[in-house]
Amino acid sequence: MTQGAQGSAGTGIPDPRTRGSRVPPQSRAADVDVDRDRDLADGAGAVRGEHTHSETPIPRPRTVVQRSSVRGQILDALRTALVGGELTPGEVYSAPALGDRFGVSATPVREAMQQLATEGAVEVVPNRGFRVVERGARELAELAEIRALIEVPVMLRLARTVPSARWADLRPLAEGTVRAASSGCRATYAESDRAFHCALLSLSGNEQLVQIAEDLHRRAQWPLVGGPAVRGRADLVADASEHLALLEALGAGEWDVAQSLVREHFAGVE
């Protein structure tokens with residue numbers, strides 16, 4: 001994956017202090033007040049016993065963190081770091097240490113990590129922080145199988161019911177996946193690919209289906225033990241090109257071609 005500028009520790013994410021991306025002082029002060037009030041309210045203490053010494057250096061965030069919706073921005077940044085392999089499977093990261101890297105208090109980081117724990121990306125380690133879940137190739141293959149079982153029948157049904165003009169509306173998103181793939185950045189491509197698949201499935205009108213598929217897509221993008229999955233720029237571009245080919249087949253009413261492309265597409269996500 002093509003990484004951004006190196007941080008001060010050379011760990012892969014640009015230092016927010018060199019890009020003016022840290023939260024303004026007055027905003028951070030308010031954030032700290034909220035953090036302190038919440039911790040005092042539940043009797044957990046300012047850092048809830050999470051130790052920051054002897055931790056593996058954490059890459060600097062590539063995103064600009066604003067005061068509004070801090071938790072959401074931190075969650076997005078952590079998801080990007082997970083997909084990019086910048087948060088190492090098996091490693092434990094504390095909320096205070098991550099907060100320092102992002103230039104915010106521990107509270108929004110802790111809340112974001114709790115969300116990732118709910119999603120299964122990390123697990124809580126009492127008095128220490130959060131450990132990135134270790135996954136193997138078998139789990140990735142199982143996720144790909146589940147996605148195919150859910151999405152393939154829906155896509156094939158939509159192929160026979162959705163007007164050709166609706167497929168044309170999705171072309172900008174498909175072209176966006178090609179541009180994202182060309183960048184070579186796995187995190188950028190994962191987000192663009194997710195948006196395309198969600199938009200396509202949204203044509204079914206089944207919101208629960210879209211939410212489940214989105215969750216499975218995110219899980220399928222998490223890194224394997226030993227580092228990021230081996231999917232280079234050429235692999236990403238080939239995957240993205242299938243989106244355009246699929247839309248063309250759907251728009252032309254070529255059902256057999258569409259069926260073949262859909263099945264091949266999901267066979268390749270492993």
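This is a predicted model: local features need pLDDT of at least 70, side-chain atom pairs count only at pLDDT 80 or more; totals for chains, interfaces and linings use all residues.
## Helices α5 and α8

Helix α5 spans residues 137-161 and helix α8 spans residues 186-202. The two helices pack at an angle of about 50 degrees, and their axes lie 10 Å apart. That angle makes α5 oblique to α8. Their crossing is left-handed.

On the α5 side, the contact involves Arg147, Glu151, Val154, Met155 and Leu158. On the α8 side, these residues meet His197, Leu200 and Leu201. By type, the residues of this contact comprise five nonpolar, one polar and two charged.

## Arginine 194

Helix α8 also holds arginine 194. Its relative accessibility is 14%, so arginine 194 counts as buried, the cut-off being under 20%.

The side chain of arginine 194 is joined to that of glutamate 191 by a polar contact of 2.5 Å. When neighbours within four places in sequence are left aside, arginine 194 is in contact with Glu214, His217 and Arg218.

## Asparagine 127

Asparagine 127 sits in the loop between strands β2 (122-125) and β3 (129-132). With a relative accessible area of 54%, asparagine 127 is exposed, since exposed means over 50%.

The backbone of asparagine 127 has a phi near 65 degrees, which is a positive value in a residue other than glycine. Most residues other than glycine have a negative phi.

Note on methods. Residues are numbered from 1 along each chain as its sequence is written. Side-chain values use heavy atoms; hydrogens and water are left out. Axes are lines fitted to C-alpha atoms, for helices over the stretch in contact, and angles run from 0 to 180 degrees between N-to-C directions. Helices (H or I, at least four residues) and strands (E, at least two) are DSSP runs, numbered from the N terminus. Angles under 35 degrees count as roughly parallel, over 145 as roughly antiparallel, 65 to 115 as roughly perpendicular and the rest as oblique. A crossing is left-handed if the near helix is turned anticlockwise from the far one by less than a right angle, and right-handed if clockwise. Contact means heavy atoms within 4.5 Å. Ala, Val, Leu, Ile, Met, Phe, Trp, Tyr, Cys and Pro count as nonpolar, Asp, Glu, Lys and Arg as charged, and the others, Gly among them, as polar. Buried means under 20% relative accessible area, exposed over 50%, partly exposed in between (1.4 Å probe, protein chains only). A polar contact is a pair of N or O atoms within 3.5 Å; within protein, one must be able to donate a hydrogen and the other to accept it, and residues adjacent in sequence count only if both atoms are side-chain atoms.
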